[in-house]
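Please read the points below with the sequence and the structure side by side. They are meant for someone meeting this chain for the first time.

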Amino acid sequence: GGQAGPVPLQVPNAGSNPSIDSEAWVEVPTVVREGRFEPQSVQPLPEWLFAQAAVIARQRSLLASWLSGRDDDALLRALVMMPEAGPMDGLIRQAEALQGVLD
């Protein structure tokens, strides 16, 4: 029934950090009030500073969607988001192989 905060907690983004995918979990200042969590919004970071972290967060959200069975195509989209990880045809083959494991 009391109140605490703001304290740094990992919570679903839901717009708290506009620099990151809305489905990602973020660590933001959070007020705890009467058993509820109230994440506080943070200012967007400069794109030049945060672009790579935003891509990684989106990629991990896609991987979580694929692993949970919500989106069968998310694995391929996640792998090709960072083509520097390997040749594109190799990433596609890897996605197809992994897809076959879970089917």
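The numbered points that follow go from confidence and overall form to particular residues.

1. Confidence. This is a predicted model, and the chain averages a pLDDT of 83, with 90% of the residues scoring at least 70. Within the chain, confidence is highest in helix α1, at a mean of 88, and lowest in helix α3 (residues 88-102), at a mean of 76.

2. Secondary structure. The chain has three helices and three strands, and from the N terminus on these elements run in the order β-β-β-α-α-α.

3. Overall form. The radius of gyration of the chain is 17 Å, whereas a compact globule of 103 residues would have one near 13 Å. Taken along the principal axes, the C-alpha atoms fill a box of roughly 55 × 35 × 15 Å. Of the 103 residues, 29% count as buried, and the chain exposes about 6900 Å², of which carbon and sulfur atoms supply 57%. Among contacts with a separation of 6 or more, 38% are between residues 24 or more positions apart.

4. The whole structure holds five salt bridges, and one of them joins the side chains of Arg 58 and Asp 21, with an N to O distance of 3.4 Å. The two partners are 37 residues apart, Arg 58 lying in helix α1 and Asp 21 in the loop between β1 (3-12) and β2 (25-33). Asp 21 counts as buried because its relative accessible area of 18% is under 20%, while Arg 58, at 29%, is partly exposed. In general terms, side chains of opposite charge can pair when their charged atoms come close.

5. A network of charged side chains. Glu 38 forms a salt bridge with Arg 33, the closest N and O atoms being 2.7 Å apart, and the side chains of Glu 38 and Arg 36 also meet in a salt bridge, at 3.1 Å from N to O. Through these salt bridges with shared partners, Arg 33, Arg 36 and Glu 38 are joined into one network. Both arginines are partly exposed, Arg 33 with a relative accessible area of 28% and Arg 36 with 43%.

6. A buried serine in a loop. Is Ser 16 buried or exposed? Ser 16, which lies in the loop between β1 and β2, is buried, because its relative accessible area of 5% falls under the 20% cut-off. Leaving aside neighbours within four places in sequence, Ser 16 is in contact with Val 28, Pro 39, Gln 40, Ser 41 and Val 42.

7. Which residues make the nonpolar surface patch of about 390 Å²? The patch is made by Leu 45, Trp 48 and Leu 49. Trp 48 has its place in helix α1 (residues 47-67), and this tryptophan counts as exposed because its relative accessibility of 72% is over 50%.

How values were computed
Residues are numbered from 1 along each chain as its sequence is written. This is a predicted model: local features need pLDDT of at least 70, side-chain atom pairs count only at pLDDT 80 or more; totals for chains, interfaces and linings use all residues. Side-chain values use heavy atoms; hydrogens and water are left out. Patches are made of residues with over 30% relative accessible area and no salt bridge: like charges are joined within 9 Å, nonpolar side chains (Val, Leu, Ile, Met, Phe, Trp, Tyr) within 5 Å. Accessible areas come from the Shrake-Rupley method with a 1.4 Å probe; for residues, only the protein chains shown count as cover. A salt bridge is a side-chain nitrogen of Lys or Arg within 4 Å of a carboxyl oxygen of Asp or Glu. Helices (H or I, at least four residues) and strands (E, at least two) are DSSP runs, numbered from the N terminus. Buried means under 20% relative accessible area, exposed over 50%, partly exposed in between (1.4 Å probe, protein chains only). pLDDT is the predictor's confidence in each residue, from 0 to 100. Contact means heavy atoms within 4.5 Å. The radius of gyration is taken over C-alpha atoms; the globule rule is 2.2 Å times the number of residues to the power 0.38.
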